Amino acid sequence: MKWAEDSGDTSFSGLDFNALCKSEALRVTILEEIKKYAKKNGLHGFETPKAIYLESTQFSVENGLTTPTFKLKRPQLRDYYQAKIDELYAKMPPPPSKL
């Protein structure tokens, strides 16, 4: 929340955490920052995310995504996010041809 307030972008002002996570403008801004830092640190294209999803719900024991010792339950996480993962891949443009 503090970052959104400090960003100077008026489209983020007054939004709660859930609304911020659903904001397309924030998603694009964060993805641009990730790409900028990846380039600055010399990462290859395949090492840089092409799409991201901002989750407003924390992983917890109550929602079945972590163990009582807060270790991630990978199969449950995959099942929980499978539809979102498929959607992100479907929206991505095809890679450029090397031919």
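## Second largest pocket

In this predicted model, the lining of the second largest pocket has seven nonpolar, no polar and two charged residues. In this classification Ala, Val, Leu, Ile, Met, Phe, Trp, Tyr, Cys and Pro count as nonpolar, Asp, Glu, Lys and Arg as charged, and the others, Gly among them, as polar. The lining is made up of K50, A51, Y53, Y81, K84, I85, L88, Y89 and M92. A pocket here is an open set of points on a 1 Å grid over the protein atoms alone, where a 1.4 Å probe fits and protein lies on both sides within 12 Å along at least five of seven lines; lining residues have an atom within 4 Å of a point.

The second largest pocket holds about 190 Å³ of space. A volume is the space filled by probe spheres set on the grid points, which are joined across faces, edges and corners.

## Largest pocket

The largest pocket has a volume of about 330 Å³. Its lining consists of 18 residues, and E24, R27, I52, Y53 and K84 are the ones nearest the centre. Two or more lining residues come from each of α2 (17–22), α3 (24–40) and α4 (74–91). The biggest share, four residues, is that of α4.

By class, eight residues of this lining are nonpolar, two are polar and eight are charged.

## Overall fold and basis of the model

The protein chain has four helices and zero strands, in the order α-α-α-α along the sequence. Helices (H or I, at least four residues) and strands (E, at least two) are DSSP runs, numbered from the N terminus. Of the 99 residues in the chain, 19% are buried. Buried means under 20% relative accessible area, exposed over 50%, and partly exposed in between, with a 1.4 Å probe and protein chains only.

Residues are numbered from 1 along each chain as its sequence is written, and side-chain values use heavy atoms, with hydrogens and water left out. As the model is predicted, local features need pLDDT of at least 70 and side-chain atom pairs count only at pLDDT 80 or more, while totals for chains, interfaces and linings use all residues.

## Helix α3

Helix α3 has 17 residues and spans 24 Å from its first C-alpha to its last, close to the 24 Å expected at 1.5 Å a residue. The expected span is 1.5 Å times one less than the number of residues. Buried residues in α3 are L26, L31 and A38. They lie on the same side of α3 because they cover an arc of only 130° around the axis, the arc being that of the directions from the helix axis to the C-beta atoms. On the other side of the helix, E32, K39 and K40 are exposed.

L31 has a relative accessibility of 9%, and its C-alpha atom is 7.8 Å from that of P49, 18 residues apart along the chain. At the N-terminal end, S23 caps α3 with a side-chain oxygen 3.4 Å from the backbone nitrogen of A25. Just after the helix, G42 has a positive phi of about 75°.

## Loop between α3 and α4

T66 lies in the loop between α3 and α4 and is buried, at 4% relative accessibility. A polar atom of the T66 side chain lies 3.1 Å from the backbone nitrogen of V61.

F70 is in the loop between α3 and α4 as well, and is exposed, with a relative accessible area of 62%. The phi of F70 is positive, near 65°. Most residues other than glycine have a negative phi.

Notes: Polar contact = N/O pair within 3.5 Å; in protein donor to acceptor, adjacent residues only side chain to side chain.
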